[in-house]
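Take a look at the structure below. The text that follows walks through it step by step.

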Amino acid sequence: MANHTDADAKVTIITLMLREDHQKIAQLFHQFNETPSANEKRTIVTEAIAALEVHATLEEELIYPAWQQYIDTRDLMNEAFEEHHLLGVLIKEIKYMDPENERYNAKFRVLSEHVTRHINEEEAKIFPRAERAQLDWDHLAQHVLRRRQMLEQKDPWILGVPVSFSSRATRGAARAALPGRSGG
């Protein structure tokens, strides 16, 4: 039973991290739509793109390939990869677009709509299937956290807790922070 609980915590670390990214990104999209300031919009766009690039890289390089064999429909994963491709195209266009261009805000809103649709589908269809997968979650989590640290050049945090996968405290803090989960 202890192994099952540890496995649940490891599964939770990955999907919790992804969901936390989704929330942060959604919050940035909301802030963009609420602010009239062109300077604040540029700052938000820069932050959102940085977050999206880290998140997408982790999914494309490590998470999706690990999950792909466990998702019962290949079309679902292929679609997710193609949505990431489109995300990359939009990000590249925005990065090289002059913020004074009259289409800059519109392009970012299109990115926002695309990402929001992708997030909803991912959380509703992909995460539940992946969470049932009997894969080596410990191995995947260690690789994801190391890669994230490399991409961000800082220690990864989830739910305000620094993550070190060898730490029981990290797993306990994650379980305690989740509704309906006990600490042991």
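How many salt bridges does a search of the whole structure find? The search finds 8. Keep in mind that this is a predicted model.

Start with Glu53 and Lys95. These two form a salt bridge, and their closest N and O atoms are 2.7 Å apart. The pair joins distant parts of the chain. Glu53 sits in helix 2 and Lys95 in helix 3, 42 residues apart. How open are the two partners? Glu53 has a relative accessibility of 31%, so it counts as partly exposed. Lys95 is partly exposed as well, because its relative accessible area is 47%.

Next come Glu93 and Lys107. Their side chains meet in a salt bridge, at 2.7 Å from N to O. This pair, too, links distant parts of the chain: Glu93 belongs to helix 3, Lys107 to helix 4, and 14 residues separate them. Glu93 has a relative accessible area of 36%, so it is partly exposed. Lys107 has a relative accessible area of 15% and is therefore buried, since buried means under 20%.

Glu121 pairs with Lys125, and the closest N and O atoms are 3.8 Å apart. Both residues lie in helix 4, 4 residues apart, so about one helical turn separates them. Lys125 is partly exposed, because its relative accessibility is 39%. Elsewhere, salt bridges link Asp21, Arg148 and Glu152 in a network.

Now turn to how helices pack. Two packed helices are described by the angle between their axes and the distance between the axes. Helix 3 and helix 4 pack at an angle of about 160°, and their axes are 10 Å apart. Helix 3 is therefore roughly antiparallel to helix 4, because angles over 145 degrees count as roughly antiparallel. The crossing of helix 3 and helix 4 is left-handed. Residues on both sides make the contact. From helix 3 they include Leu76, Ala80, Glu83, Leu87, Leu90 and Glu93. From helix 4 they include Tyr104, Lys107, Phe108, Leu111, His118 and Glu121.

Is Glu83 buried or exposed? Glu83 is buried, because its relative accessible area is 15%. Leaving out residues up to four places away in sequence, Glu83 touches His114, His118 and Glu121.

The largest nonpolar core has 22 residues. Which residues have the most contacts inside it? They are Ile14, Ile63 and Trp67. The elements that give two or more residues to this core are helix 1 (2-34), helix 2 (38-68), helix 3 (74-95), helix 4 (104-131) and helix 5 (137-152). Leaving aside neighbours within four places in sequence, Trp67 is in contact with Ile14, Thr15 and Leu18, among others. The list also includes Ile126, Phe127 and Ala130, and Leu135, Trp137 and Leu140. A second, separate core has 21 residues, including Ala56, Leu90, Ile91 and Phe108.

Notes:
Residues are numbered from 1 along each chain as its sequence is written. This is a predicted model: local features need pLDDT of at least 70, side-chain atom pairs count only at pLDDT 80 or more; totals for chains, interfaces and linings use all residues. Side-chain values use heavy atoms; hydrogens and water are left out. A nonpolar core is a set of buried Ala, Val, Leu, Ile, Met, Phe, Trp, Tyr and Cys residues joined through side-chain atoms within 4.5 Å. Buried means under 20% relative accessible area, exposed over 50%, partly exposed in between (1.4 Å probe, protein chains only). Contact means heavy atoms within 4.5 Å. A salt bridge is a side-chain nitrogen of Lys or Arg within 4 Å of a carboxyl oxygen of Asp or Glu. Axes are lines fitted to C-alpha atoms, for helices over the stretch in contact, and angles run from 0 to 180 degrees between N-to-C directions. Angles under 35 degrees count as roughly parallel, over 145 as roughly antiparallel, 65 to 115 as roughly perpendicular and the rest as oblique. A crossing is left-handed if the near helix is turned anticlockwise from the far one by less than a right angle, and right-handed if clockwise.
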